[in-house]
Amino acid sequence: MRRLALVFVLLCGCAAARAATPLVTAEGFAVPQPGKVFTFPRDHGSHPEFKIEWWYLTGHLYAADGRRFGVQATFFRQAAPDRTTQVYLAHMAVLDAATGRFLHQERLNREGWDALADTTTLHLRNGPWSLVFTDAAAERMRLAGGVRAEAGFTLDLQPAKPLVFFGENGVSRKGAAPTAASHYLTFTRLRAEGSLTLDEQTFPVRGEFWMDHEISSSQLDTDQVGWDWISVHLADGREFMMYRLRRTDGSADPYSTFTWVDRDGRTEKADFTWEVLDTWKSPDTGAEYPVRVRVSAVDPATGQRRAFTLEPLARAQELTGTLGGIAYWEGACRVRDDTGAEVGSAYMELTGYAEALKL
């Protein structure tokens, strides 16, 4: 999923049929079909035949002196209720790990001169924020964003490994309903280089990003209230992604998943456990988030179960949802193994804690 369809998720209906995958939802929007053949660079662009879509980037950046930053940049597209145009929501966030200062901002625009998502290639814009291919053949891109006048960044991103397709036969299921699914395309490791400005001080930075692109018309099933999602860069060159879909009774939906990505970009699913070690209560929304967690799964490289602890670089990393209407926690984390050694970096997303996400 990566995930956050946020307010867009709330606007999407869930079809009642639970048999074969329908071609369209009850509203007439396309449903992800098994066996889809993707064509690039076209499929890196927008798909207005689907109701919702998002391009989600999270990463860790480092200045030459070792100063560390977390960055989130998300571009959402949704068909307007009358289906005559598109609506674009975008979120930006910057964390200064040294001080714990967390900045975030949203933009909401209808399709027009100030917001767009190209249907032929990767070219997204919402106000001054943008994500565009600079070399479509090499899949190199440039991300420009910021938070008001307090922070800004321009980053060149280049894939360090091939594009990954999460799910089965091109479809990532999120529930029993046949429409609760997406096409889920991910660059699990992008090398980043550029500049970041914070309070008029500019830092040349380098680091690594994760980028999700999801295409859907309905994500949540009827008895789901939210999700916990993590993306992890391990120092050994591998990654893993996990999403835990939470039901109304607090249990994990069977369509929750954990997927390893090896050094060559091959994927392998695994059973996993999720343990909350510590929580943080937001003074703004009153939501209590599980900000320190322990996740374990069998490592396909060794055949042995391995546990990882995700620790936030700062506890207060909540986006309060002024325009989107949904508060959620999206945080940069360090990753430790059971010996306490730092073995990677991560981003964790926690939704449905301020209030249940409802269809």
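## Serine 217 and its contacts

The side chain of serine 217 reaches the backbone oxygen of alanine 30 at 2.5 Å, a polar contact (a pair of N or O atoms within 3.5 Å; within protein, one must be able to donate a hydrogen and the other to accept it, and residues adjacent in sequence count only if both atoms are side-chain atoms). A polar atom of the serine 217 side chain also lies 3.1 Å from the backbone nitrogen of lysine 51. Serine 217 is buried, with a relative accessible area of 2%; buried means under 20%, exposed over 50%, and partly exposed in between (1.4 Å probe, protein chains only).

## Basis of the model

This is a predicted model, in which local features need pLDDT of at least 70 and side-chain atom pairs count only at pLDDT 80 or more, while totals for chains, interfaces and linings use all residues. Residues are numbered from 1 along each chain as its sequence is written, and side-chain values use heavy atoms, with hydrogens and water left out.

## Salt bridges

Side chains of opposite charge can pair when their charged atoms come close. The whole structure contains 31 salt bridges (a side-chain nitrogen of Lys or Arg within 4 Å of a carboxyl oxygen of Asp or Glu).

One of them joins glutamate 239 and arginine 189 at 2.6 Å, N to O. This pair links distant parts of the chain, 50 residues apart, and both glutamate 239 and arginine 189 are buried. Another salt bridge joins glutamate 150 and arginine 148 at 2.8 Å, N to O. Glutamate 150 is partly exposed at 24% relative accessibility, as is arginine 148 at 48%.

Key:
Helices (H or I, at least four residues) and strands (E, at least two) are DSSP runs, numbered from the N terminus.
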